[in-house]
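Trainee: Please take me through this model question by question, and give me the cut-off behind each term when it comes up.

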Amino acid sequence: VETFSVFLTSLCQEESGSGEYCDNFTDLNLSHCFIGTSLYVRLLLYTRSNLDCGHELNHHHLSTQPLFNLTQPTAFVIHGYRPTGAPPIWIDHIVHLLAEQEDMNIIVVDWNRGAANLNYFTAVSYTREAAHNLTGFIMTMEEEGASLSSVHLIGVSLGAHLAGFVGANLKGKIGRITAFGLRGAHGHIDFYANGGADQPGCPKTIFAGKSYFVCDHQRSVFLFLCSLNRTCSLTGYPCSSYSDFLDGRCLQCETFKPASCPVLVMYHFLWHYVLTEVELSYRVDMVTWNQYLRWGVVYIRLHSGRNFTELLRLEQYTSTRLLAQFDEDLPNIQKISLRINTGNVIGPRYKIRLLRIRFTPLERPERPLMCRFDIIMEENMEVAFRPLPCDSRL
């Protein structure tokens, strides 16, 4: 049986394929959380030269690490509460994606010793102390020639609070703070994905186990990653309330004309509202009838030749209005495929009657509305149909 000290050494540092020793994120387990951990902050440096091999920085002697270039921008990635002690699964992804944006220093703030406690309030109590530690490091950076305006703090959950404390300690001189998982208005611009509460695809009941508690909260991190690798379009629609948005009252972008609604992207190290032309959005109105009340995921594909796009949205089946954003403008839509996945894997497939589906193009008002009427569907089975003009039932 390994001793406690050997266990820590084997986890915190290992040899890379090139023979170089790497400093890894502290990996603890539930036994540490039960016993309780005291705060210890490690700063792991990653650059384009060592994306897969972290180097722990000395808090006071920055020149001992030649890869740390103070003339370049620096992003600090700060995790939050770790009730199991395991490293966050998104750390490696965010390091690689940040490095793709710009040549910069990426510093993972590893305060797992402190964040890994079953008592959440113990972890909370360590955030100010960890912020004091990080503030001192950034002040040392400034003394050695770094510009505070080139520093970006990216904090998740309790890490967002920690980042806020650092920003306050430095009198708001930090270039940028991106905070995930906070409620209320905190920043110059506050974004609430899907209203900031229940997120599409996340479990709705406690019977789902751990994912019920973490899925909604962690969605902000994955939306951030999604924007970094440009695999999704995060479009903001001005609206007085989220309930109005769900009712389909805020799907227009007149406020921003002649441009389209703003799209949130990561570009050159900073978040910006970018007024850019999204490919095409539709308002989709569905009227369905089924004997049993069911929930599920709606998949829609627009086909034009070999091209197609997919939408995922959780809705209740009755009269439903949803926003469908497609990443390609398909002017000649030959076929539409629809599938309703309810997750039912036991027993017979329920039949759902689609009385009407109507597609209203939002960015191309000159185009005709597309409709289809009276289709019988089986749950989890894809149905394809040719769209018709809405004034025709032939």
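Trainee: In which helix does Phe34 lie?

Mentor: This is a predicted model, in which local features need pLDDT of at least 70, side-chain atom pairs count only at pLDDT 80 or more, and totals for chains, interfaces and linings use all residues. Residues are numbered from 1 along each chain as its sequence is written, and side-chain values use heavy atoms, with hydrogens and water left out. Helices (H or I, at least four residues) and strands (E, at least two) are DSSP runs numbered from the N terminus. Phe34 belongs to the run of residues 30–35, which is helix H2.

Trainee: Is Phe34 buried or exposed?

Mentor: Buried means under 20% relative accessible area, exposed means over 50%, and partly exposed is in between (1.4 Å probe, protein chains only). Phe34 has a relative accessible area of 61%, so its class is exposed.

Trainee: What accessible area do Leu30, Phe34, Ile35 and Leu118 have together as a nonpolar patch?

Mentor: A patch is made of residues with over 30% relative accessible area and no salt bridge, like charges being joined within 9 Å and nonpolar side chains (Val, Leu, Ile, Met, Phe, Trp, Tyr) within 5 Å. A salt bridge here is a side-chain nitrogen of Lys or Arg within 4 Å of a carboxyl oxygen of Asp or Glu, and accessible areas come from the Shrake-Rupley method with a 1.4 Å probe, where for residues only the protein chains shown count as cover. On the surface, the accessible area of Leu30, Phe34, Ile35 and Leu118 together is about 460 Å².

Trainee: How many residues apart in sequence are the parts tied together by Cys22 and Cys53?

Mentor: With a disulfide taken as a pair of cysteine sulfur atoms within 2.5 Å, Cys22 and Cys53 are joined at an S to S distance of 2.0 Å, and the link is left-handed at -110° about the S-S bond. Cys22 lies in strand S2 (residues 21–23), whereas Cys53 lies in the loop between strand S3 (40–46) and strand S4 (55–56), so the number of residues separating the tied parts is 31.

Trainee: Which handedness has the disulfide of Cys371 and Cys390?

Mentor: The sulfur atoms of Cys371 and Cys390 are 1.9 Å apart. Cys371 lies in strand S18 and Cys390 in the segment after strand S20 (388–389), so the pair ties together parts 19 residues apart in sequence. Cys371 is buried at 3% relative accessibility, while Cys390 is partly exposed at 27%. The torsion about the S-S bond is about 90°, so the disulfide of Cys371 and Cys390 is right-handed.

Trainee: Which residues is Cys239 in contact with, leaving aside its neighbours within four places in sequence?

Mentor: Cys239 is placed in the loop between strand S9 (234–235) and helix H8 (242–246), and it counts as partly exposed at 30% relative accessibility. Taking contact to mean heavy atoms within 4.5 Å, and leaving aside neighbours within four places in sequence, the contacts of Cys239 are Asp244, Phe245 and Cys250.

Trainee: What is the phi of Asp374?

Mentor: Most residues other than glycine have a negative phi. Asp374 is in strand S18 (residues 370–378) and counts as partly exposed at 42% relative accessibility. Although Asp374 is not a glycine, its phi is positive, at about 55°.

Trainee: Where is Lys171 found?

Mentor: Lys171 has a phi near 60°, a positive value in a residue other than glycine, and it is exposed, with a relative accessible area of 68%. Its place is the loop between helix H6 (158–169) and strand S8 (176–180).
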